[in-house]
Amino acid sequence: MKVFPLLILTLLGTSLLSAQEVDPILVAVKQRADSITSFQARVKMEVDISFVNMPVKEAEIRFKKGSPISISSEDFVMIPKRGLDFTLNELYRYPFMTLSLGKVQLEGRNCHLIKIIPTTDASDYSIASVWIAPETLQVLKTQISTKKNGVYDIFYTYSGKREILPSKIKVAFEVSGVKIPLRFLGRDTQIDKGKKEESAQERGAIFLTIQYSDLTRL
């Protein structure tokens, strides 16, 4: 089995929130995530892109606080960067400010909607929106407008109200903005190049199902 270093970002870690006008609900979400010290997980990945024919892929993730995450897989070497940013560390990477839009509805659920606005040009996104369930402090959706790769809509599903990490993730994106070489999805992935040209403006999705084991918390 090949073991690949994590090229996407640290899933959980010691990233600090900016001291600039950060919404306290966002701070509480990060504190919950930081309470996790280690886990292992099996990840099943499915792709819904019209010109890509890919069987279900599986990988194993290992995390220990203070160490880089590793991904092990028999076949493919990359999982979407945005899809594994469970704790929004990529959004916290650079200084930012937040704007609370108050309570909104998301698929029939009451949520707090918070905008995250970077205060430095070094960030790879221009603005992000985060929908948080107030009663559980679970992130239900993020929408990230990147500077080079289009807009990502990421939906999170949890196996219970007390769970910190999601059990299912849907990453929806603009096909034309995908920069990851699709050959990284495995040897048995087939790409219809003609259909790819015709589908340049469509949206695709990647579905992740995660099963955790040996999860420990502070």
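A salt bridge is here a side-chain nitrogen of Lys or Arg within 4 Å of a carboxyl oxygen of Asp or Glu. The views below are close-ups of a predicted model.

**View 1. The salt bridge between Asp 153 and Arg 203.** The side chains of Asp 153 and Arg 203 meet with a nitrogen-to-oxygen separation of 2.9 Å, and the pair therefore counts as a salt bridge under the 4 Å cut-off. The pair links distant parts of the chain, with Asp 153 in strand 10 (residues 151-157) and Arg 203 in strand 13 (residues 203-217), 50 residues apart. Asp 153 counts as buried because its relative accessibility is 11%, whereas Arg 203, at 39% relative accessibility, counts as partly exposed. A search of the whole structure finds 7 salt bridges.

**View 2. The salt-bridge network of Arg 42, Glu 58, Glu 60 and Arg 62.** These four residues, Arg 42, Glu 58, Glu 60 and Arg 62, are linked to one another in a network of salt bridges. Side chains of opposite charge can pair when their charged atoms come close.

**View 3. Glu 60 and its surroundings in strand 4.** Glu 60 is found in strand 4 (residues 57-64), and its side chain meets that of Arg 42 in a salt bridge of 3.8 Å, taken from N to O. Since Arg 42 belongs to strand 2 and Glu 60 to strand 4, the pair ties together parts that are 18 residues apart in sequence. A polar contact of 2.6 Å also joins the side chain of Glu 60 to that of Arg 62. Glu 60 has a relative accessibility of 16%, so the residue counts as buried under the 20% cut-off. When residues up to four places away in sequence are not counted, Glu 60 touches Gln 40, Ala 41, Arg 42, Ser 70, Ile 71 and Ser 72.

**View 4. Helix 1, its N-terminal cap and its cover.** Asp 23 caps the N-terminal end of helix 1, with a side-chain oxygen placed 2.8 Å from the backbone nitrogen of Ile 25. Helix 1 spans residues 24-34, and its buried residues are Ile 25, Leu 26, Ala 28, Val 29, Lys 30, Arg 32 and Ala 33. What covers these buried residues includes helix 2 (89-92) together with strand 2 (36-48), strand 6 (96-106), strand 7 (109-118), strand 8 (125-133) and strand 9 (138-146).

View 5. In strand 11, Lys 170 is the bridge partner of Phe 155.

Conventions
Residues are numbered from 1 along each chain as its sequence is written. This is a predicted model: local features need pLDDT of at least 70, side-chain atom pairs count only at pLDDT 80 or more; totals for chains, interfaces and linings use all residues. Side-chain values use heavy atoms; hydrogens and water are left out. Helices (H or I, at least four residues) and strands (E, at least two) are DSSP runs, numbered from the N terminus. Buried means under 20% relative accessible area, exposed over 50%, partly exposed in between (1.4 Å probe, protein chains only). A polar contact is a pair of N or O atoms within 3.5 Å; within protein, one must be able to donate a hydrogen and the other to accept it, and residues adjacent in sequence count only if both atoms are side-chain atoms. Contact means heavy atoms within 4.5 Å. Two strands pair if DSSP finds at least two bridges between them.
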